[in-house]
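Student: I would like to go through this structure by question and answer. Please start with the terms.

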Amino acid sequence: MNASERRTLLITLTGRDRPGVTSRLFATLADFPITVVDVEQVVIRGRLVLGVLVSYARGTDIGRVWNAAERVASDLDMEVEVSTGRDKGFPRGRGRLHVTVLGAPLKPAAMAGIAGRIAASGANIDRIDRLAHYPVTCIEMHVSGADPDRLRAELAQEAVEQRVDVAVQHGGLFRRAKRLIVMDVDSTLIQGEVIELLAEHAGCLPEVAKVTEAAMRGELDFEGSLRERVALLAGLDAAAIDEVRDKIQLAAGARTLVRTLKRLDYEFAIVSGGFTQVTDALVDDLGIDYSAANTLEIENGKLTGRVVGPVIDRAGKAAALERFARDAGVPIAQTVAIGDGANDLDMLQAAGLGIAYNAKPVVRRAADTAVNVPYLDTILFLLGISREEVEAADAADDAARPAGH
């Protein structure tokens with residue numbers, strides 16, 4: 001036998017989960033001259049599957065190990081399966097790629113289609129975890145042996161067919177490192193478009209909405225369309241801005257998203273084709289680290305119909321992401337951009353991970369991945385953060401907060 005080969009024994013225990021199962025098995029195995037090579041354990045609705053792979057030298061009485069494992073299973077009223085083998089080393093593919101699947105609901109056919117595409121690409125699923133069961137179901141697969149670009153393209157097609165969202169990301173330590181999240185504002189961080197709310201006050205909503213929709217589809221130059229829309233607001237009382245700002249509603253899950261990322265010491269930024277008169281309030285309210293937006297010109301308490309300074313357009317958003325990354329000391333590969341319109345395209349493509357959030361088709365096609373459910377905090381799952389971890393952190397904060405606060 002080649003010196004690099006090892007004789008192995010795989011012991012799999014299955015049954016009702018309870019405290020002490022793992023310790024009981026390992027305490028029994030400790031009596032034998034064997035080495036632990038790998039361990040996998042999962043609990044689904046109270047049912048445990050525990051797999052232990054051990055190696056042993058030639059001449060070891062492996063029958064005694066086998067019998068001991070069966071006695072443990074019998075004592076615990078569990079099922080056991082034991083099989084021998086011979087392997088050349090144990091390279092772990094885990095961590096090379098993470099495939100994250102979001103569904104509301106998540107159907108078996110979707111999982112079958114995605115798993116089939118992974119297999120057809122020659123890759124292997126090493127591990128599957130559940131990150132959330134509400135408001136969407138999120139499953140993450142650890143995949144090895146895949147070409148990321150090819151797999152991303154294959155799974156994007158399957159995602160459309162199955163009506164789910166799928167993200168493919170590189171694994172490794174970078175996922176646990178400090179990251180910068182840069183997000184669009186209108187129809188992403190907040191519900192609706194601020195300029196349309198202002199247009200409603202000015203009595204020109206139909207005209208503004210028509211131009212906005214064309215610009216978001218990428219049919220019009222953003223700077224020209226913005227100046228055209230702002231010109232229609234000329235003469236509007238500046239007090240209307242205060243009224244609009246007071247009516248702004250955050251997207252569902254926005255506070256949870258920002259709060260959780262700040263706990264992890266991530267940097268959070270917003271970049272908007274909207275207006276500082278609104279975004280500055282969001283910065284203060286949510287504790288946002290960096291922001292960039294346009295500024296409406298106001299003279300004598302009235303909007304002039306112009307903006308002050310250079311327009312934050314498609315290129316301006318990408319430049320802002322790069323500037324924020326430098327200021328935060330975060331490599332571009334560690335940035336995440338989130339947006340929904342054509343003016344977000346450069347930013348999404350510049351970032352390490354570009355996420356199209358309930359976006360126009362042209363944006364979904366260009367982004368690394370898409371999220372098409374109305375819960376902004378589902379983006380946490382793409383970053384490997386589970387719903388249970390979020391809720392545990394919230395509960396800990398509530399417990400630490402003084403009474404009456």
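Tutor: Buried means under 20% relative accessible area, exposed over 50%, and partly exposed in between, with a 1.4 Å probe and protein chains only. The model is predicted, so local features need pLDDT of at least 70 and side-chain atom pairs count only at pLDDT 80 or more, while totals for chains, interfaces and linings use all residues. Residues are numbered from 1 along each chain as its sequence is written, and side-chain values use heavy atoms, with hydrogens and water left out.

Student: Is Tyr290 buried or exposed?
Tutor: The cut-off for buried is under 20% relative accessible area. Tyr290 has 18% relative accessibility, so Tyr290 counts as buried.

Student: How many aromatic pairs does the structure hold?
Tutor: Rings of Phe, Tyr and Trp (its six-membered ring) pair if their centres lie within 6.5 Å. By that rule the structure holds 1 aromatic pair.

Student: Are the rings of Tyr290 and Phe324 stacked or edge-to-face?
Tutor: Planes under 30 degrees apart count as stacked, over 60 as edge-to-face and the rest as tilted. The ring centres of Tyr290 and Phe324 are 5.4 Å apart and the planes are at 20 degrees, so the pair is stacked.

Student: How many residues apart are Tyr290 and Phe324?
Tutor: Helices (H or I, at least four residues) and strands (E, at least two) are DSSP runs, numbered from the N terminus. Tyr290 is in strand β11 and Phe324 in helix α11, so the pair links distant parts of the chain. The two are 34 residues apart.

Student: What distance separates the end C-alpha atoms of α11?
Tutor: The expected span of a helix is 1.5 Å times one less than its number of residues. Helix α11 (residues 314–328) has 15 residues and should span 21 Å. The distance between its end C-alpha atoms agrees with this, at 22 Å.

Student: Which residue has a side-chain oxygen that reaches the backbone nitrogen of Ala315?
Tutor: A polar contact is a pair of N or O atoms within 3.5 Å; within protein, one must be able to donate a hydrogen and the other to accept it, and residues adjacent in sequence count only if both atoms are side-chain atoms. At the start of α11, the oxygen reaches to within 3.3 Å of that nitrogen, and the residue is Asp313.

Student: How many salt bridges are there?
Tutor: A salt bridge is a side-chain nitrogen of Lys or Arg within 4 Å of a carboxyl oxygen of Asp or Glu. By this rule the count comes to 20.

Student: How many residues apart in sequence are the parts that Arg255 and Asp285 tie together?
Tutor: The side chains of Arg255 and Asp285 meet in a salt bridge, 2.7 Å from N to O. Arg255 lies in helix α9 (residues 254–263) and Asp285 in helix α10 (residues 276–286), so the parts tied together are 30 residues apart.

Student: Which residue forms a salt bridge with Arg263?
Tutor: The closest N and O atoms of this salt bridge are 2.7 Å apart, and the partner is Asp394. The pair links distant parts of the chain, with Arg263 in helix α9 and Asp394 in helix α15 (residues 387–400), 131 residues apart. At 30% relative accessibility, Arg263 counts as partly exposed. The residue asked for is Asp394.

Student: What is omega for the peptide bond from Tyr134 to Pro135?
Tutor: Most residues other than glycine have a negative phi, and most peptide bonds are trans. Pro135 lies in the loop between β6 (124–132) and β7 (137–144). The bond from Tyr134 to Pro135 is cis, with omega near -5 degrees.

Student: What is phi of Arg163?
Tutor: Arg163 is found in the loop between α4 and β8 (165–170), and counts as exposed at 77% relative accessibility. Phi of Arg163 is positive in a residue other than glycine, near 60 degrees.
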